[in-house]
Every structure is written in C-alpha cells, then in structure tokens.
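Me: Hi! Could you walk me through this structure?
Reply: Happy to, let's have a look together.

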Amino acid sequence: MPSDQERILARAAREVVSGQVVNLGIGLPTRLFHYLPPRLEVLVHSENGVLGCQPLDHGASPDLEMIDSGGAYIDTRAGASVFDSALSFAMIRRRRVDLTFMGAFEVDQQGNLANWKIPGKFSPGIGGAMELAQKVETLVVLCSHNDKHGNPKILRRCRLPLTAPRCVSRIITEKAVMQVTDAGLEVVDIAEGLDVATLRAATEAELIVDERRLGRF
Amino acid sequence: MTLLNQKQTSLEAAIAGIPDGASIMVGGFGSPGTPFALLDELLAQGQRHLTLIKNDANEPDIGIGRLIRAGRVDRLITSHIGLNRVAIEEMNQGRLAVEIHPQGLLAEKIRCAGAGHYGFLTDIGLDTEIAEGRREIECEGRTWAIEPAIHADVALVHADLADAYGNLIYRGTAINLNPLMAMAADHVIAQAFRVEPPGQLAPASIHTPCAFVSQVVQVDPATREQGRRAHAV
C-alpha cells in the first residue's frame with residue numbers, strides 16, 4: 001500500500017512529457033525527481049540558476065558549489081547549463097519553463113493559490129513562488145487533500161494571502177486529481193477505493209464529477 | 001575607482017574601508033557564492049548598524065547569520081529567510097527590519113542598478129499583497145508596478161578565480177547574484193580562491209570585467225567548508 005505522498009508523486013510523474021522544461025518546488029515536489037522515468041528527456045530548472053539539475057548519486061561526494069534552490073547538493077545531466085539568478089527568473093517570466101509543481105496551504109476552485117504566508121504564524125518570505133505561479137504555463141499543485149486537523153485545503157475561495165490569482169491548472173492530492181476549468185473544479189481521477197460522496201465531504205470546493213469518465217489512480 | 005594595479009589587497013585592508021551604517025550587498029544563494037571570508041572579517045572588525053542585501057539569511061551560524069546573531073544588522077533586504085530561525089526570531093521581536101521581495105524581482109532590482117538604470121515596470125505581484133505600497137502607472141494601455149532599482153554602498157562578492165586587476169570568473173551555482181551585485185554597488189570587494197597575475201585568465205571566459213571591481217582578495221578555499229550542510233535529497 002503506497003503512502004499518501006507516494007500516491008501523489010506517482011500520479012504527478014504522469015503529468016511530465018519528454019522534452020519539457022520543468023520546475024520542482026521545494027518540499028514534496030522536489031521528491032518527484034525519483035518518480036520520473038530515467039529515459040525521460042526533461043531538463044529540471046532551479047531558481048538559483050540551473051537548467052538540467054538532477055539528484056546526486058547515492059553516496060557521491062557533493063560539489064559544494066552545486067545546489068538547487070532548496071539547498072540540496074545536485075548533479076547536472078546532459079544538456080544542462082548554469083547561469084545567474086536574474087537570467088534564471090527571466091527564463092520564468094519569459095515563459096520558457098513549461099511546467100511547475102508546487103505545494104499549497106490553500107487552493108481554490110478559481111485556481112487561486114496560497115502557499116507563502118500564514119499571517120502571524122509563518123512568514124519566512126516568498127522566494128521564487130510568486131513569479132513561478134504567475135508565469136509558468138502549467139502549474140500543478142501537489143498537496144494533501146486536508147490539513148493535519150482534517151480541514152479542507154481545496155476551497156471555494158482562498159482565505160490566506162495569494163501567491164498568484166488564477167494560476168493553477170491542476171491539483172493532485174492523495175484523494176483526487178482535479179482540473180481547474182472555466183466551469184469549476186472537474187474531478188479527473190479519484191483514488192482507488194474512494195467514493196465520490198466521501199471525496200465531496202472532504203472538500204470545501206464544489207466538484208464537477210462525471211462518473212462515466214472518472215479515472216482511478 | 002581604485003587603479004587597476006592597486007586592487008589586490010588583504011582581507012583586513014579591504015574590510016577596513018567599510019563604515020558603520022553602510023548598505024552592503026552580499027552574494028550567494030544559500031551557501032554557494034557567499035563570501036564567507038569577507039563576512040568573517042566584517043564580524044571581526046565590528047562595523048555596526050548595517051543594512052544587508054542578500055537573497056536569503058544563510059543559516060544561524062554561518063555567513064550573514066553570524067552578523068545577525070551578533071546584532072550588527074539593522075535591516076535586511078531579502079527574499080526568503082526560512083533556513084535562519086534566529087533571523088526570523090529577530091524579525092518577530094522587532095530587532096531586525098526585514099524587507100521581502102519576490103526572488104526574481106530582487107535579482108532584477110539589483111541587475112537594474114548595475115545597468116545604470118533607476119527602476120523598471122513589471123506585472124509581477126499585481127493583485128497580491130506585495131502590491132501594497134508599490135506605485136502603479138498606466139502605460140501602453142496596461143497597469144504596471146514601478147520597481148525602483150536597488151543600489152548599495154558596498155558589494156561583497158565571491159568568485160572562484162580572479163586576476164589582480166579584478167576580472168572575475170564564477171563557478172557552478174556559486175554565480176547566482178554575484179555578477180549582478182558586482183555591478184550595483186559603489187565599492188565592490190571580491191574574494192577569490194585564486195588570484196592570478198593579469199593575462200592568466202582567457203578574456204572570453206571572464207564573467208565580470210575588472211572595471212566594476214574595486215578590490216580583490218585571495219582567500220583560503222577551506223573557508224567554503226563553513227557552508228557545508230547536510231542535505232536530504
């Protein structure tokens with residue numbers, strides 16, 4: 001039985017297409033590296049200034065001057081480049097990064113995302129999240145369906161300060177894969193063994209479900 | 001600007017020129033590219049009431065974390081301080097003023113000053129909390145935020161290789177904000193693991209031409225060990 005995070009990551013890996021430039025946010029999305037098929041020709045972008053990073057081989061001694069934006073020591077793959085941080089964000093703002101995966105505190109049915117600040121509790125700064133959220137064509141949120149108290153994270157309307165408005169394409173949780181559409185939040189896949197009524201009860205957002213087309217994961 | 005043939009100097013002499021109250025850009029994104037030797041000398045010499053401009057706050061016991069912990073920094077202009085619990089605590093207690101910018105805007109504000117401009121127009125952060133307090137203008141039928149450039153009195157940068165005139169070559173992800181900061185301050189102090197006589201570096205491989213650099217100091221490569229950290233991935 002895979003853990004919730006393993007289920008999310010295995011499903012998320014299926015979103016990546018060979019030939020893409022992809023950014024992996026800090027935390028859970030960074031672990032997606034280990035779920036991508038090795039044959040996939042993908043260059044992973046990191047905000048500090050790398051295109052084409054990959055994890056170090058297990059046990060390899062790190063080059064102290066090669067890290068990703070999360071602070072992990074990295075290696076580079078064929079076709080990689082390193083550059084300064086202004087250029088790295090030019091690449092983002094000019095929409096040369098095709099796909100990004102990010103975590104979320106809250107995400108809503110309009111595709112609004114809140115993942116940088118909980119006023120009074122958590123405000124370490126915004127890092128590169130705002131520019132990635134606003135400019136990358138396809139933003140996939142990877143997060144738990146509910147917070148640690150069981151409260152829904154998939155909302156009708158975000159309450160926390162936004163990272164960017166109307167920026168999310170798709171949300172992958174351990175319970176469902178949901179696509180943000182003009183009509184609302186459409187359930188694409190539902191987790192094995194879960195029924196729609198239980199999913200709705202765990203979700204504040206209105207969900208559009210077509211049972212005939214519903215996939216499992 | 002210092003004359004070409006008078007730029008190479010000692011750590012002590014380079015840092016001694018920095019007064020109390022200076023605004024100082026510090027290279028580095030996390031540990032790589034952080035000029036640890038220059039920062040330790042600044043700690044040792046005791047300058048106070050500093051304004052630092054750095055991507056992040058390092059970690060509590062290294063780099064600018066040591067200056068913050070010693071109470072030498074009044075103000076920090078940055079993007080993310082999540083790896084430094086001391087900086088977060090100092091901010092929450094009101095002892096450290098922290099100004100947060102989206103990472104790419106921070107880099108661009110520095111790049112802009114280094115290009116001799118005074119600001120730029122952007123759509124980043126419109127309709128979010130960071131738009132509060134920013135001036136917006138109508139131009140070409142759209143609304144833009146004005147982002148003023150960030151300039152500083154001093155920049156402390158790290159290069160892998162330099163020559164005695166101050167030409168700089170960075171290595172790996174240690175490049176990050178260093179070449180931007182090396183153009184955006186009035187007085188630029190570069191540390192390098194090796195400083196060669198002029199003529200030893202291939203002209204086409206120079207990242208920062210020496211005209212931007214005021215002083216260059218050779219430092220022990222072992223000083224980078226300060227930044228070695230456990231990593232999870």
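This is a predicted model: local features need pLDDT of at least 70, side-chain atom pairs count only at pLDDT 80 or more; totals for chains, interfaces and linings use all residues.

Me: Thanks. How many helices and strands does chain B have?
Reply: Chain B has 6 helices and 11 strands, taken as DSSP runs numbered from the N terminus (helices H or I with at least four residues, strands E with at least two). The radius of gyration of chain B is 18 Å, close to the 17 Å that the globule rule gives for 233 residues, so chain B is as compact as a globular protein of that length. That radius is taken over C-alpha atoms, and the rule is 2.2 Å times the number of residues to the power 0.38.

Me: And how many in chain A?
Reply: Chain A comes to 4 helices and 14 strands. Its radius of gyration is 17 Å, close to the 17 Å from the globule rule for 217 residues, so chain A is as compact as a globular protein of that length. Buried residues make up 47% of the 217 residues in chain A.

Me: Switching to the interface: how many residues are in contact between chain A and chain B?
Reply: 34 residues of chain A are in contact with 38 of chain B, contact meaning C-beta atoms, placed from the backbone, within 7 Å. On the chain A side, α2(A) gives the most, with 5 residues. The residues on that side divide into 19 nonpolar, 9 polar and 6 charged. Here Ala, Val, Leu, Ile, Met, Phe, Trp, Tyr, Cys and Pro count as nonpolar, Asp, Glu, Lys and Arg as charged, and the others, Gly among them, as polar.

Me: Which residues of α2 in chain A are buried?
Reply: In α2(A), residues 85–93, they are A:S85, A:A86, A:S88, A:F89 and A:I92. Seen down the helix axis they fall within an arc of 160°, so they line one face of α2(A); the arc is that of the directions from the helix axis to the C-beta atoms.

Me: What covers them?
Reply: The cover includes α3 (129–135) of chain A, plus α5 (103–114) and α6 (178–181) of chain B.

Me: Now strands. Why is β8 of chain A largely enclosed?
Reply: Because 4 of the 5 residues of β8(A), residues 138–142, are buried, the strand is largely enclosed by the rest of the structure.

Me: Which way does it run with β5, parallel or antiparallel?
Reply: β5(A), residues 99–102, and β8(A) run parallel, joined by 4 bridges; two strands pair if DSSP finds at least two bridges between them. A:L99 has A:T138 as its bridge partner in β8(A). β8(A) also pairs in the parallel sense with β10(A), residues 170–172, over 3 bridges, and there A:V140 stands opposite A:R170.

Definitions and conventions: Residues are numbered from 1 along each chain as its sequence is written. Chains are lettered from A and ligands numbered from 1 in the order in which they are written. A residue is buried if 20 or more other C-beta atoms lie within 10 Å of its own, exposed if 12 or fewer, and partly exposed in between; C-beta atoms are placed from the backbone. Two residues are in contact if their C-beta atoms, placed from the backbone, lie within 7 Å.
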